[in-house]
Amino acid sequence: MRIKIINPNTTQSFTDALQRLADTVARPDTEILAVSPASGPASIESFYDEALAVPGVLEEIAKGDREQDIDAYVLACFGDPGLYAARELTDKPVLGIAEAAFHLAAMVGACFSVVTTAPRVRFMTEHLVSRYGFGEQCKKVRTTPIQVLDLAHSPDTAIAKVIAECLLAREEDKAEAIVLGCAGMSQYRAYIEQEIGIPVIDGTVTAVKLCEAMVDMKLGTSKVLTFNWPRPELANPGRNLKIA
C-alpha cells in the first residue's frame, strides 16, 4: 500500500524527518511518501497559518488520488488543518495526527495531557480536544516556551523544555499518558517517553499504523452524506481539483 504524509507547512527538514520516522515504523509492504505543499507557511502556529495551509493540503489530496495511486493519507500537523475538507475529496482514509493521537491515548490510560508548543496555540488545541469529544479524558493542554521552528533549529533545548512540561503533567495533572502536540516532536517520542516514564503518544506514527489497519480492513471515507464529494461546479470529485 502507499500512504501519503502531508506536512502542511513548507519546512523541508520537518518533512524529511517525518519520512525517516514513518519508514522505520511502516510495514515492509507499505510505501511512505512524505510531502510538503508548494506554498504555505513555514510553520503553523495560529488560525491564520492554518487557513494559509489548507489549499496546499487539498491540492496534495487531489494529486494523490489523481496521479499517485495513494491508499491513505496522514495530515501531519497537530491542528489537523483542512481534515474534514480533505475527506470530501477522496474515498480513501484521511487521518489527522491530533484525532488519531487522542483516540490512542484514551486507550492506553484513563486520562492524558497534551504538551504542545507556544501559549498561543492553547485555545486551538483545547478546541480540538472538545471537537473530537475527549474533554473528559484530557486533563490539561500544556504549552511550552518554544516556537515550532525551534524544534528544527535548536532541538536539544526545545525537547528539554517539552520533557520538563511532560514531567509536570505526570505529577500535577496525574496524567497517565502524554500526547505530543506538534509533528516536529515526532522523532523524539521514544526519548521523551524514556525520560518521563509514562506512555507518550505521537500522532504521526499512530496515524500511519491506523492507516495500514484501515486499508487492510478496506475501510475508506464514507460518502453517504457529510463527507460526500464536493459539488461538481466546485471540483470534479477528487480528480481534477485546481487550486491557485
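The model is predicted, and local features need pLDDT of at least 70, side-chain atom pairs count only at pLDDT 80 or more, and totals for chains, interfaces and linings use all residues. Residues are numbered from 1 along each chain as its sequence is written, and side-chain values use heavy atoms, with hydrogens and water left out.

Helices (H or I, at least four residues) and strands (E, at least two) are DSSP runs, numbered from the N terminus. Strands pair through backbone hydrogen bonds, either parallel or antiparallel, and here two strands count as paired if DSSP finds at least two bridges between them. An open sheet of four strands has the order 2-1-3-4, with parallel pairing. Its edges are strand 2 (31-35) and strand 4, each pairing on one side only. From one strand to the next, the twist averages 20°. Three bridges link strand 3 (residues 72-75) and strand 4 in the parallel sense, and Leu 75 stands opposite Gly 96 in strand 4.

Axes are lines fitted to C-alpha atoms, for helices over the stretch in contact, and angles run from 0 to 180 degrees between N-to-C directions. Helix 1 (residues 12-25) touches strand 1 (2-6) and strand 2, and its direction makes about 165° with that of strand 2. Helix 9 touches strand 1, strand 2, strand 3 and strand 4, with its direction at about 165° to that of strand 3.

Next comes another open sheet of four strands, with the order 6-5-7-8 and parallel pairing. Strand 6 (138-142) and strand 8 (200-201) are the edge strands, each pairing on one side only. Strand 7 (residues 178-180) runs parallel to strand 8 and is joined to it by two bridges; Ile 178 stands opposite Val 200 in strand 8. Helix 5 (residues 122-131) packs on the sheet, touching strand 5 (112-115) and strand 6, and its direction makes about 155° with that of strand 6. Helix 7 (residues 155-173) lies across strand 5, strand 6 and strand 7, running at about 150° to strand 6.

Now for the empty space. Rolling a probe the size of a water molecule over the atoms shows where such space is left. On a 1 Å grid over the protein atoms alone, a cavity is a set of points where a 1.4 Å probe fits but cannot get out, while a pocket is an open set with protein on both sides within 12 Å along at least five of seven lines; lining residues have an atom within 4 Å of a point. Grid points are joined across faces, edges and corners, and a volume is the space filled by probe spheres set on the points.

The largest pocket has a volume of about 200 Å³. Its lining has 14 residues, of which Arg 87, Val 94, Leu 95, Glu 99 and Met 214 lie nearest the centre. Strand 4 (94-96), helix 4 (97-108) and helix 9 (203-216) are the elements that give two or more residues to this lining.

There are two cavities of 30 Å³ or more. The largest cavity holds about 260 Å³ of space and is lined by 20 residues, with Ile 44, Cys 77, Phe 78, Gly 79 and Gly 181 nearest its centre. Helix 5 gives the most to that lining, with three residues. The second largest cavity holds about 50 Å³; Phe 14, Ala 17, Leu 18, Ala 183, Gly 184, Ser 186 and Gln 187 line it.

Finally, a search of the whole structure finds seven aromatic pairs. Rings of Phe, Tyr and Trp (its six-membered ring) pair if their centres lie within 6.5 Å; planes under 30 degrees apart count as stacked, over 60 as edge-to-face and the rest as tilted. Phe 47 and Phe 123 form an edge-to-face pair, 6.2 Å centre to centre with 65° between the planes. Phe 47 lies in helix 2 (residues 47-67) and Phe 123 in helix 5, so this pair ties together parts that are 76 residues apart in sequence.

Definitions and conventions:
Contact = heavy atoms within 4.5 Å.
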